[in-house]
Amino acid sequence: MKSGKSRYMDIMKFCQKNVFGRFLQGLVQHYNHDKYWRRRYIVTNPDNTAHILIKLFYLWYIKRCDAFNNCSFGTNLNSGAFFAEPPCLPHGPNGIIIGHDVSIGAGCIVYQQVTVMQGGVK
């Protein structure tokens, strides 16, 4: 019999690697990692030439995901927190709060119930 941690890792591999697993995770958590971060890049990038209605629809999708998961990644229209690459979220976006003026590098792992703010210093 597998230990609890081993079973958890098997489930996470299924959810992250398998198309059906990502679909189920999206239904249950209202969060699809790839879709969320692809749309977030379009919304926060001021150089992106996507139509304003597309950006507003994507912003609505992002805010809806944030509201369901009690999280915020500092997303505003044409501005927001900078991520060098999408962070690894082992527990999903549950309770994560990131300030809009924060810069996070590549390879970052963010666990649940974390708050990261800069404090207004530019």
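Two residues are in contact when their heavy atoms lie within 4.5 Å. The model described here is predicted.

The protein chain has 122 residues, and 32% of them are buried. The chain contains 4 helices and 6 strands. Read from the N terminus, the order of elements is α-α-α-α-β-β-β-β-β-β. The accessible surface amounts to about 7800 Å². Carbon and sulfur atoms account for 61% of that surface. Among contacts between residues at least 6 apart, 41% join residues at least 24 apart.

The interior comes next. In soluble globular proteins, nonpolar side chains tend to be buried together. The largest nonpolar core of this chain holds 20 residues. Tyr36, Trp37, Phe73, Phe83, Leu89, Ile96 and Ile98 touch the most other members. Helices α3 (33-44) and α4 (52-68) each supply at least two residues of this core. The largest share, 5 residues, comes from α4.

Phe73 illustrates the contacts made in this region. Leaving aside residues up to four places away in sequence, Phe73 touches Tyr36, Trp37, Arg40, Asp66, Ala81, Phe83, Leu89, Pro93, Ile96 and Ile98.

Helix α3 has 12 residues. The distance from its first C-alpha to its last is 16 Å, close to the 16 Å expected at 1.5 Å a residue. The buried residues of α3 are Tyr36, Trp37, Arg39, Arg40, Ile42, Val43 and Thr44. These buried residues pack against α4, β1 (75-76), β2 (79-80) and β3 (82-83). Tyr41 also belongs to helix α3. Tyr41 counts as exposed because its relative accessibility is 53%, and the cut-off for exposed is over 50%. In sequence, Tyr41 and Phe82 are 41 residues apart. In space, their C-alpha atoms are 9.3 Å apart.

Several loop residues were examined in turn. Val102 sits in the loop between β4 (97-98) and β5 (103-104). Its relative accessible area is 8%, so Val102 is buried. Val102 touches Ala81, Phe82, Val116, Met117 and Gln118, with residues up to four places away in sequence not counted. Val102 and Gly80 are 22 residues apart along the chain. Their C-alpha atoms are separated by 8.0 Å.

Cys71 occupies the loop between α4 and β1. At 7% relative accessibility, Cys71 is likewise classed as buried. When residues up to four places away in sequence are left out, Cys71 touches Asp66, Pro93, Gly95, Ile96 and Ile97. Gly95 is 24 residues from Cys71 in sequence. The C-alpha atoms of Cys71 and Gly95 are 4.7 Å apart in space. Thr115 is 44 residues from Cys71 along the chain, with a C-alpha separation of 9.4 Å. Thr115 lies in strand β6. In contrast to the buried Cys71, Thr115 is exposed, with a relative accessible area of 55%.

Backbone angles were also considered. Most residues other than glycine have a negative phi. Asn78 has a positive phi, near 65°. Asn78 is part of the loop between β1 and β2. With 32% relative accessibility, Asn78 counts as partly exposed. Gln113 has a positive phi too, near 60°. Gln113 is located in the loop between β5 and β6 (115-116). Its relative accessible area is 56%, so Gln113 is exposed.

Phe20, Phe23, Leu24, Leu27 and Val28 make a nonpolar surface patch of about 520 Å². Leu24, one of these residues, lies in helix α2 (residues 19-29). Leu24 has a relative accessible area of 34% and is therefore partly exposed. Partly exposed residues fall between the cut-offs for buried, under 20%, and exposed, over 50%.

Key. Residues are numbered from 1 along each chain as its sequence is written. This is a predicted model: local features need pLDDT of at least 70, side-chain atom pairs count only at pLDDT 80 or more; totals for chains, interfaces and linings use all residues. Side-chain values use heavy atoms; hydrogens and water are left out. Patches are made of residues with over 30% relative accessible area and no salt bridge: like charges are joined within 9 Å, nonpolar side chains (Val, Leu, Ile, Met, Phe, Trp, Tyr) within 5 Å. Accessible areas come from the Shrake-Rupley method with a 1.4 Å probe; for residues, only the protein chains shown count as cover. A salt bridge is a side-chain nitrogen of Lys or Arg within 4 Å of a carboxyl oxygen of Asp or Glu. Buried means under 20% relative accessible area, exposed over 50%, partly exposed in between (1.4 Å probe, protein chains only). A nonpolar core is a set of buried Ala, Val, Leu, Ile, Met, Phe, Trp, Tyr and Cys residues joined through side-chain atoms within 4.5 Å. The expected span of a helix is 1.5 Å times one less than its number of residues.
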